[in-house]
Amino acid sequence: MSYFLELLINGAFTGLMYSMVALGIVLIYKSSGVLNFAQGALVMMGGYTVWLFTTWGLPIWLAAVAALGVMFVLGLVVERLLLRTMVGQPIIMVVMLTLGLDVFLRGFGPGVLGTEPKQLDIGLGLAPLIMGDILANRTYAVGAVIALVLVALAIVFFRTRLGTKLRAVSDDHVASWSVGISVEHAVAISWGLAGICAVAAGTLWGAAQGVDWSLTALLFPAVAVVILGGIDSIMGALLGGLIIGILGSVIPGYVDSRVGGSTRDVVTSLVILLTILIRPHGMFGREDIERI
């Protein structure tokens with residue numbers, strides 16, 4: 001039972017860390033209707049940016065604050081230089097653009113700052129969090145708390161006047177323009193918010209496993225989270241992350257020793273496949289019905 005509970009708790013913490021990455025995808029889709037496949041690369045760049053500021057002598061908390069500003073500006077630049085040129089184009093072309101941005105950042109970050117893993121010390125140490133007979137990853141535990149805070153802030157934000165405007169833009173760009181809402185401004189803000197989520201995720205994942213190109217691989221479980229939870233649902237990102245994290249911890253914990261390992265990605269892939277087949281809009285996603 002102790003072993004099961006340890007897998008369960010660590011899986012839940014890991015899943016909430018996935019939710020931080022997935023939240024960036026949800027924020028952009030919920031604000032602009034664009035599916036962002038560059039979030040994994042943004043997480044990597046967030047981690048690299050924090051690490052770079054620490055090498056300049058800034059304490060970790062100040063480096064993280066400075067990185068928040070840099071990544072928010074990066075989101076604004078992406079909208080101004082890339083997405084604004086795609087206005088009026090088919091949505092699939094915008095998705096392809098985010099894939100191209102992902103490929104570019106995957107090469108740009110390690111190419112400029114080096115491919116070797118960067119150590120990022122956030123002051124938590126390597127000692128596990130001891131809860132009776134259960135050992136938990138201290139960094140993941142802190143990341144889980146921060147993920148809950150970000151989700152709560154996102155829920156509150158979309159109930160504000162600005163959040164309502166962003167949701168209107170996601171529903172209908174033309175109608176938003178017609179009532180005086182700046183679609184370009186809304187899309188820019190959504191990418192800036194995704195950049196903030198990327199800094200939080202990049203810092204904590206970077207502290208847990210080092211900062212390098214492998215952080216981009218977080219896109220895969222994050223996509224599974226948004227498919228399961230619903231691509232436009234903030235609560236879906238939270239609960240979907242918990243489910244993906246727990247399944248990806250408990251099942252491999254019992255199966256890996258019998259099959260030789262590497263079952264976590266198989267579990268994640270099966271969740272994606274079954275969700276698409278059974279409930280394509282996810283647990284909490286909105287199912288749009290179009291009249292023909």
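Analyst: A crossing counts as right-handed if the near helix is turned clockwise from the far one by less than a right angle, and as left-handed if anticlockwise. Keep that in mind for the pair H9 and H10, whose crossing is right-handed. Note that this is a predicted model.

Two packed helices are described by the angle between their axes and the distance between the axes. Helix H9 covers residues 219-229, and helix H10 covers residues 234-259. Their axes lie 8 Å apart, at an angle of about 120°.

Which residues of H9 and H10 meet? From H9 come Ala224, Val225, Leu228 and Gly229. From H10 come Gly236, Ala237, Gly240, Gly241, Ile243 and Ile244. The residues of this contact divide into six nonpolar, four polar and no charged.

Now set a second pair beside it. The axes of H1 and helix H6 (residues 161-171) come within 5 Å and cross at roughly 75°. H1 and H6 are therefore roughly perpendicular to each other. H1 contributes Tyr29, Lys30, Ser31 and Ser32 to the contact. H6 contributes Leu166, Arg167, Val169 and Ser170. Here the residues divide into three nonpolar, three polar and two charged.

H1 spans 2-32, and a loop links H1 to helix H2 (39-55). Asn36 sits in that loop. Asn36 counts as buried, because its relative accessibility is 1%. Its side chain makes a polar contact of 3.0 Å with the side chain of Gln39. Beyond its neighbours within four places in sequence, Asn36 is in contact with Ile25, Ile28, Leu42, Thr98 and Trp191.

Key:
Residues are numbered from 1 along each chain as its sequence is written. This is a predicted model: local features need pLDDT of at least 70, side-chain atom pairs count only at pLDDT 80 or more; totals for chains, interfaces and linings use all residues. Side-chain values use heavy atoms; hydrogens and water are left out. Helices (H or I, at least four residues) and strands (E, at least two) are DSSP runs, numbered from the N terminus. Buried means under 20% relative accessible area, exposed over 50%, partly exposed in between (1.4 Å probe, protein chains only). A polar contact is a pair of N or O atoms within 3.5 Å; within protein, one must be able to donate a hydrogen and the other to accept it, and residues adjacent in sequence count only if both atoms are side-chain atoms. Contact means heavy atoms within 4.5 Å. Axes are lines fitted to C-alpha atoms, for helices over the stretch in contact, and angles run from 0 to 180 degrees between N-to-C directions. Ala, Val, Leu, Ile, Met, Phe, Trp, Tyr, Cys and Pro count as nonpolar, Asp, Glu, Lys and Arg as charged, and the others, Gly among them, as polar. Angles under 35 degrees count as roughly parallel, over 145 as roughly antiparallel, 65 to 115 as roughly perpendicular and the rest as oblique.
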